[in-house]
There are 2 protein chains.
Amino acid sequence: MQMNKVIDILMIEDDFEFAKLLGSFLEKHNIKLKNYTDPFIGLSVPLEKFDLVILDLTLPGLDGLQMCKEIRKKSAVPIIISSARSDIEDKIKGLNLGADDYLPKPYDPKELVARIYSVLRRYKKIEEKNEPLLLDEKNSTIYLNSKALSLTPAEFEVLKILIKNYGNSVSKEQILYSSTVFANSSSNSLAVIINRVRKKISSIGSIKTVRGVGYRLVYHENS
Amino acid sequence: MQMNKVIDILMIEDDFEFAKLLGSFLEKHNIKLKNYTDPFIGLSVPLEKFDLVILDLTLPGLDGLQMCKEIRKKSAVPIIISSARSDIEDKIKGLNLGADDYLPKPYDPKELVARIYSVLRRYKKIEEKNEPLLLDEKNSTIYLNSKALSLTPAEFEVLKILIKNYGNSVSKEQILYSSTVFANSSSNSLAVIINRVRKKISSIGSIKTVRGVGYRLVYHENS
DNA sequence: TATAATTTTAAATATTTGTAAAATTTTACT
DNA sequence: AGTAAAATTTTACAAATATTTAAAATTATA
């Protein structure tokens, strides 16, 4: 996996030797591991310095599940629980307390790396959404600079397809046949709707016509 | 876990009996499972209808990893790979291809449920605390921001169906035939009830009309 | 049975989509 | 460049569909 940025991970694990070994392995994968053998000290660390937390369940003095709960109270940082207890109930409790993954010990460190990247990929996807038009299909809503656009159903369908095919042009037929909304539409009716959508998104982009074919969404330079 | 909304899951699994069994287990946890034994048919399904995909790795005719790749090409839908192959290399490949989790078979279905919720929580597909409308079917009550809404029987039925189908639109017929409350209703009577429910939930959401079809519940942005 | 609450009906209003004609832009040809 | 044909856009209005209102009918409740 291609990665330019070093990933900072906080681990709470009382087996110091294991932590050291794991740390040097992760280093090769662009991951910097900071381990605390003492959960109380680990908890006092500023969590925002880290991209992810690896939590051992069998900690001295404090239950790892309890710790997971404590972390979730103050932060949404991704958590991977790792534990020698492969008890199903522990797994379920851990995941329900807000952990993102649960990895039974012993594990192959390569799997840990894959899971770290998987969790972070998931996490990032939510963070980085800087497109001027944001499609929320479940809510049938399109946000223009995080403000909901007021669109009629037909307008929504058209813009939805254009957003989904951003970067490519879309044929008129592709739009017309995409939804029952256009069940009895002539192709001129589509032109009318395109015209109306154009006005509504004019502040951030435009719909270029691809003559003889269809349309293509483009954003303005500074968007 | 308290849950309003039914979670729609697409599964690609050639063991039909297993799928059936799992489906009825998940049902108890508010999860609706749609299984396809044929990966090619499964791939042709509109992915945006589903909240998550469960993928079996050992499929006839097509490699599961290949399938994972195909899905990722067209969608960011969460994917959990489940496989009898507990080979580390497969795990790593799967996770690196964009899967969100990898669950070796055989697994406890309870763990699957926990992992489904964990993945969806990360995707913010499910609102943990801020679900503005909470359905309590046993007590025939709907809470708006934890305050009981005053609804007539017909209003309750309508809103219940809309909440349960949050994310999808519901046809007028589907509502009308759902309960004896509407035994002798014209479709205009439904419009009147929708109108009244709209007023009651206006602070946190709205009911969008799907022209020619029915209605769909949506929540406001800041809810 | 009377009263209140709820649902239904029907008519008025409002919104969304479709149509057709005019205006504009693009293309290809001279 | 100039021009005619084709494609696309715009406009204004018509048609279809959905919403709102208020009052009548029904149902539930005391």
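1. A salt bridge is taken here as a side-chain nitrogen of Lys or Arg within 4 Å of a carboxyl oxygen of Asp or Glu. By this rule the count comes to 32 salt bridges over all chains, and one of them joins A:Asp56 to A:Lys105, whose closest N and O atoms are 3.2 Å apart. Because A:Asp56 lies in strand β3 of chain A and A:Lys105 in the loop between β5 and α5 (109-127) of chain A, the pair ties together parts that are 49 residues apart in sequence. Helices (H or I, at least four residues) and strands (E, at least two) are DSSP runs, numbered from the N terminus.

2. On the basis of the values: this is a predicted model, in which local features need pLDDT of at least 70 and side-chain atom pairs count only at pLDDT 80 or more, whereas totals for chains, interfaces and linings use all residues. Residues are numbered from 1 along each chain as its sequence is written, chains are lettered from A and ligands numbered from 1 in the order in which they are written, and side-chain values use heavy atoms, with hydrogens and water left out.

3. Chain A holds an open sheet of five strands in the order β2-β1-β3-β4-β5, with parallel pairing, where two strands pair if DSSP finds at least two bridges between them. Its edge strands, each pairing on one side only, are β2 (31-36) and β5 (101-104) of chain A, and the twist averages 20° from one strand to the next. Within this sheet, β1 (residues 7-12) and β3 (residues 52-56) of chain A pair in the parallel sense over four bridges, with A:Val53 in β3(A) as the bridge partner of A:Leu10.

4. Helix α3 (residues 64-74) of chain A lies across β1, β3 and β4 (79-83) of chain A and runs at about 160° to β3(A). Contact means heavy atoms within 4.5 Å; axes are lines fitted to C-alpha atoms, for helices over the stretch in contact, and angles run from 0 to 180 degrees between N-to-C directions.

5. In chain B, strands β6 (residues 133-136) and β7 (residues 141-144) pair in the antiparallel sense over four bridges, and B:Leu133 has B:Leu144 in β7(B) as its bridge partner. Their hairpin has four residues between the strands, and B:Ser140 takes a positive phi near 45° there. A hairpin is also formed by β7(B) and β8(B), with two residues between them, and B:Asn145 in its turn has a positive phi of about 50°.

6. Chain B also has an open sheet of three strands, in the order β9-β11-β10, with antiparallel pairing. Six bridges join β10(B) to strand β11 (residues 214-219) of chain B. Helix α6 (residues 153-164) of chain B packs on the sheet and touches β9, β10 and β11 of chain B, its direction making about 70° with that of β11(B).

7. A base nitrogen of DNA strand D is 3.3 Å from an N or O atom in the side chain of A:Arg211.

Definitions and conventions:
A polar contact is a pair of N or O atoms within 3.5 Å; within protein, one must be able to donate a hydrogen and the other to accept it, and residues adjacent in sequence count only if both atoms are side-chain atoms.
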